[in-house]
Amino acid sequence: MSPEVHVVVLAAGQGTRMKSRLPKVLHSLVGQPLLEHVLHAADAISPSTVTIVIGHGAELVRVKVGNRPNVECVVQEPQLGTAHALQQAEDRLAGRQGTVVLLSGDVPLLRGVTLRKLVEAHQAANAAATVVTAIVERPYGYGRIVRTKGRIARIVEERDASADVRQIHEINGGIYAFDLPPLFDALRGIASQNAQGEYYLTDLVAIYRRRKLPVETLVVDNPQEIRGINSRTELAEVSRIVRQTKNEELMAAGVTIVDPATTYIDPDVEVGPDTVIHPGVAIEGQSRIGAACEIHSHVRIVGSEIADKSVIHNFCLIIGSRIAEGASVGPFAHLRPESVVGERAKIGNFVELKKTTMGAGSKANHLAYLGDATIGERVNVGAGTITCNYDGTSKHPTIIEDGAFIGSDTQLIAPVRVGKGAYVAAGSSITEDVPDGALGIARGRQANVDGWVERRKARSSKD
Ligand code: UD1
Ligand code: CA
């Protein structure tokens, strides 16, 4: 059996360069906190324990982490550097054996497969430490890997580096595997004589080399994977990388993305083949879009399902809703949570739905608010129809049965029901149920006053 693996995630730093009240590791990258990306990658090596070192904004981070099997938070206070941060995990790992994999809460693109490679290489080499490195074009800001005779000798931080060392393009990814037994004793040997006055974990490499303990490196092929996020600019750059990867995956699977640079699709979103996505579209959360759909420009879809052959016209906001096959929504429609649009149904411009079901083939083509309503099949909802679902205290339901026709500018004062095939006259304020097949009419009767205009003119000329 291969030795146990323990993961430690460093997430206590202030993230000064973010200039934020929110701890850095809680900043969102394509819909998930940075820390969540890291914990997800860690799953790939099935760790026996996961210890998250928290400090800055500790309570917020603890709440976000919540209760998960094998995961515990330890507090680092004050935050004296990465070596000091790792020391906080000592009690939790006391008496254990195996490999410690150290991850950084601000390095979110690291893939699970790379972590598996790291553990395998580290254990196969019987190393005391294995450092994940990459060769990059712009090494600025990262620790540099200094080698002698090809072997890693030490890591030098940007701020402590000589001009020569700054020329080195091999950087420290901040991800390591350590053999557990010698680790914590060696950490105590680290001093804080450096530009930042911090205890640098990176100093462990030179200490191990002095003690003749074997230190190895794993050079990743794709340096993007170990990009750290220290500023909002870097967060935006890394977001762009994630989006681009997702867009390329979808295009390879048969989705047309007219302008990938302005298309924002979260990693968990599914899109069927032959769907066309126009510029400026955002599809977020666990959304699923079917095949042969068309999503026009400036639409935002959050946690929703859209079946095959549906069309979403420009400028719609769709949250937590389901749209059946062949339906049409927008332009300028707002679907709030728990709305369901049936097959071939039409939701037109300036229509808002909330917790409302529209049956198959039903239409609300213009200017309507339909809240807490259950609308049957083949119903026509006229322009300007409003469900008055809220009486100031509670919400009430409206039911409109199959084949009903709601004339324009109707107010349906809930709770109320319009029966099968019934008609409601335009301009009605409906306060009572309309039976099946009946006409409901509830408005003031019109009176025409003959000759009124002429008489008015005559009056005003005398004044
Ligand atoms: C660190 C490495 C650097 C490497 C880079 C890769 C050190 C000294 N430097 O630099 O060689 O190239 O990562 O991204 O390790 N943290 C704590 N407690 C602390 C300090 C930091 O938990 O007292 C956490 C931070 O929250 C962060 C991680 O450790 O998640 C790295 O710290 P950061 O200050 O970002 O280090 P870098 O300067 O990026
Ligand atoms: Ca960093």
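Reader: How many bridges join S27 to strand S29?

Author: In this predicted model, strand S29 covers residues 363-371 and runs parallel to S27. Within this pairing, Leu353 stands opposite Leu370 in S29. The number of bridges that join S27 to S29 is seven.

Reader: Which residue stands opposite Ala364, in S31?

Author: S29 also pairs with strand S31, residues 380-381, in the parallel sense. Two bridges make up that pairing. The residue of S31 that stands opposite Ala364 is Val381.

Reader: Which are the edge strands of the open sheet, each pairing on one side only?

Author: Nine strands form this open sheet with parallel pairing, in the order S14-S17-S20-S23-S26-S28-S30-S33-S36. Inside that order, strand S28 (residues 357-358) and strand S30 (residues 373-375) are joined by two bridges, and Thr357 stands opposite Thr374 in S30. The strands that pair on one side only are S14 (270-271) and S36 (416-418).

Reader: Why is the pair of Tyr176 and Phe178 stacked?

Author: A search of the whole structure finds four aromatic pairs. The ring centres of Tyr176 and Phe178 lie 5.4 Å apart, and planes under 30 degrees apart count as stacked. The pair is therefore stacked, because its planes meet at 20°.

Reader: Is Phe178 buried or exposed?

Author: Residues under 20% relative accessible area are buried. Phe178 has a relative accessibility of 2%, so Phe178 is buried.

Reader: How many residues apart are Phe332 and Phe350?

Author: Phe332 and Phe350 form a stacked aromatic pair, with 5.1 Å from centre to centre and 10° between the planes. Phe332 lies in the loop between strand S24 (328-329) and strand S25 (334-335), whereas Phe350 belongs to strand S27 (residues 346-354). The pair thus links distant parts of the chain, and its members are 18 residues apart.

Reader: What is the relative accessible area of Phe350?

Author: Ring pairs link Phe315, Phe332 and Phe350 into a cluster. Phe332 is partly exposed, with a relative accessible area of 39%. Phe350 is also partly exposed, and its relative accessible area is 48%.

Reader: Which residue lies over the face of Tyr390?

Author: A charge sits over a ring if NZ of Lys or CZ of Arg is within 6 Å of the ring centre and within 35 degrees of the ring normal. At Tyr390 the distance from the ring centre is 5.1 Å. The residue over this face is Lys395.

Reader: What span does helix H9 reach from its first C-alpha to its last?

Author: Helix H9 runs over residues 232-252 and has 21 residues. At 1.5 Å a residue, the expected span is 30 Å. The helix comes close to that expectation, reaching 30 Å.

Reader: Which elements are included in what covers the buried residues of H9?

Author: The buried residues of H9 are Leu235, Val238, Ser239, Ile241, Val242, Arg243, Lys246, Asn247 and Leu250. An α-helix has 3.6 residues a turn, so residues three or four places apart point the same way. The covering elements include strand S2 (28-29), helix H1 (34-42), strand S12 (256-257), strand S13 (264-265) and S14.

Reader: How many residues apart in sequence are the parts tied together by Asp106 and Asn230?

Author: Asp106 (OD) and Asn230 (OD1) coordinate the calcium ion (ligand 2) at 2.4 to 2.5 Å. Asp106 lies in the loop between strand S6 (99-104) and helix H5 (112-124), and Asn230 in the loop between strand S11 (215-219) and H9. Both residues are buried. The parts that the pair ties together are 124 residues apart.

Notes. Residues are numbered from 1 along each chain as its sequence is written. Chains are lettered from A and ligands numbered from 1 in the order in which they are written. This is a predicted model: local features need pLDDT of at least 70, side-chain atom pairs count only at pLDDT 80 or more; totals for chains, interfaces and linings use all residues. Side-chain values use heavy atoms; hydrogens and water are left out. Rings of Phe, Tyr and Trp (its six-membered ring) pair if their centres lie within 6.5 Å; planes under 30 degrees apart count as stacked, over 60 as edge-to-face and the rest as tilted. Buried means under 20% relative accessible area, exposed over 50%, partly exposed in between (1.4 Å probe, protein chains only). Helices (H or I, at least four residues) and strands (E, at least two) are DSSP runs, numbered from the N terminus. Two strands pair if DSSP finds at least two bridges between them. The expected span of a helix is 1.5 Å times one less than its number of residues. Contact means heavy atoms within 4.5 Å. Donors are N, O and S atoms within 2.8 Å of the metal (3.2 Å for Na, K and Ca); water is not among the atoms, so sites may look incomplete.
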